[in-house]
Amino acid sequence: MHGRLYNQLDLEIAIVPQTPLLIKSGQKASIDPTLPDMQFVRTRRRTPSGDVDEVVYIPGSSLRGVVRAHAERLLRTLDEKHACLVDAKRSCLRQKDQKEDEVSADRLYRESCYACKLFGNTGIASRVQMSDLYPAMEPLSESRFGVAIDRITGAVAVGPFDLEVVTDARFEGRIVLRNFTIGQLGLLGAALLDIADGLVALGHAKSRGLGRVRIEFVRAQFRFAHEAKDAILGVGKLAPENVGNDYKLPDNDQLTVQGLNAARRDALYHQVDSDSDEQIRKWLAEAAPRWVQEVRNVS
Ligand SMILES: [Zn+2]
């Protein structure tokens, strides 16, 4: 199925910290005494003038980890079996390892849990790609003083150390969702809206109130391999019947959305877009309840 593109959502987002944010670098603390012990992760990039500079950024893998973990929490709230535990016996990966080597792609997909169907595992590709998020302007950061307290003795276990937190920034990036069912769009939307509403935090020291963010939906573009009037079309609606059967895709995989009309883009695709944050939130919120319905029907 991944050889063909039936539908796609291209979502441009901006993440704006509401409380100090620290996404830790994986590297050990620098020996440079002027740098904080716990630094914000940085990457090198070329500026328009051709110079190379170092900037703080949010790795796509960090955002993806938070979104997947929250989506899994939502799924497990419905039933434990909908999101496997990677290290446990019930992991989709382990089930795959125990089978013969030659397992068809559709069977791996069919037999994976709902979380793995959307976010992938070693056997099946993810439907969701997240880019790294770069600051749109020079971010403001500051050093915070921190200690880790030993839970038992109450003594200082680690520290004191400095935390480098970003206090004012706007990180921009993209999320791309391909060959999605309406339920998968809904689950991704539900997880993003919860982060956007500050229910789920990002990065280090979340329990101490760090990492609350706002998500701004800058632009959304839907693309479908078919004409779509007042509707978002899922892959179950767009893929041929034999593919739908092999992958056990949902029937009637579309969401009625008044006024959402995709116009012809080229010989293959119809597309519709919006740069209204309010409009995009509405689309995601309308799709959100559908994951519950879909999970119940598929399992
Ligand atoms: Zn799984």
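**Notebook: buried sites, helix packing and hairpins**

I began with His82, which counts as buried with 23 C-beta neighbours inside 10 Å. My cut-offs: buried is 20 or more other C-beta atoms within 10 Å of a residue's own, exposed is 12 or fewer, partly exposed is in between, and C-beta atoms are placed from the backbone. The model is predicted, and local features need pLDDT of at least 70, side-chain atom pairs count only at pLDDT 80 or more, and totals for chains, interfaces and linings use all residues. Residues are numbered from 1 along each chain as its sequence is written.

**Entry 1: His82**

I placed His82 in the loop between α1 and α2 (92-98). Helices (H or I, at least four residues) and strands (E, at least two) are DSSP runs, numbered from the N terminus. Which residues does His82 contact, leaving aside its neighbours within four places in sequence? I found Leu75, Arg76, Cys113, Tyr114, Ala115 and Val295. Contact here means that the C-beta atoms, placed from the backbone, lie within 7 Å. Val295 is 213 residues from His82 along the chain, and I noted 7.7 Å between their C-alpha atoms.

**Entry 2: Gly183**

I then went to helix α5, where Gly183 has its place. Gly183 is buried, because 28 other C-beta atoms lie within 10 Å. Outside four places in sequence, Gly183 is in contact with Pro250, Arg290, Trp291, Gln293, Glu294 and Val295.

I checked the length of helix α1 (residues 60-78). Its 19 residues should span 27 Å at 1.5 Å a residue, and the end C-alpha atoms are 27 Å apart, so the two agree. The expected span is 1.5 Å times one less than the number of residues. The buried residues in α1 are Leu63, Val66, Val67, Arg68, Ala71, Glu72, Leu74 and Leu75.

I looked next at how α1 meets α5 (residues 182-196): the angle is about 110° and the axes are 9 Å apart. That makes α1 roughly perpendicular to α5. From α1, the contact uses Val66, Val67, His70, Ala71 and Leu74; from α5, it uses Leu187, Ala190, Ala191, Leu192, Asp194 and Ile195. Roughly perpendicular covers 65 to 115 degrees, with under 35 roughly parallel, over 145 roughly antiparallel and the rest oblique.

**Entry 3: hairpins**

I followed strand β2 (residues 42-46) and strand β3 (residues 52-56), which pair in the antiparallel sense over five bridges. Strands pair if DSSP finds at least two bridges between them. Thr43 stands opposite Val55 in β3. Five residues lie between β2 and β3 in this hairpin, and Gly50 in the turn has a positive phi of about 100°.

I then looked up strand β13 (residues 270-274), which runs antiparallel to strand β9 (residues 213-224) and is joined to it by five bridges. Ala220 is opposite Ser274 there. Strand β12 (residues 263-264) also pairs with β13, antiparallel, over two bridges. In that pair Ala263 faces Gln271, and a hairpin of five residues joins β12 to β13.

**Entry 4: whole chain**

The protein has nine helices and 13 strands, and 36% of its 299 residues are buried. Of the contacts with a separation of 6 or more, 71% involve residues 24 or more positions apart.

Terms used
Two residues are in contact if their C-beta atoms, placed from the backbone, lie within 7 Å. Axes are lines fitted to C-alpha atoms, for helices over the stretch in contact, and angles run from 0 to 180 degrees between N-to-C directions.
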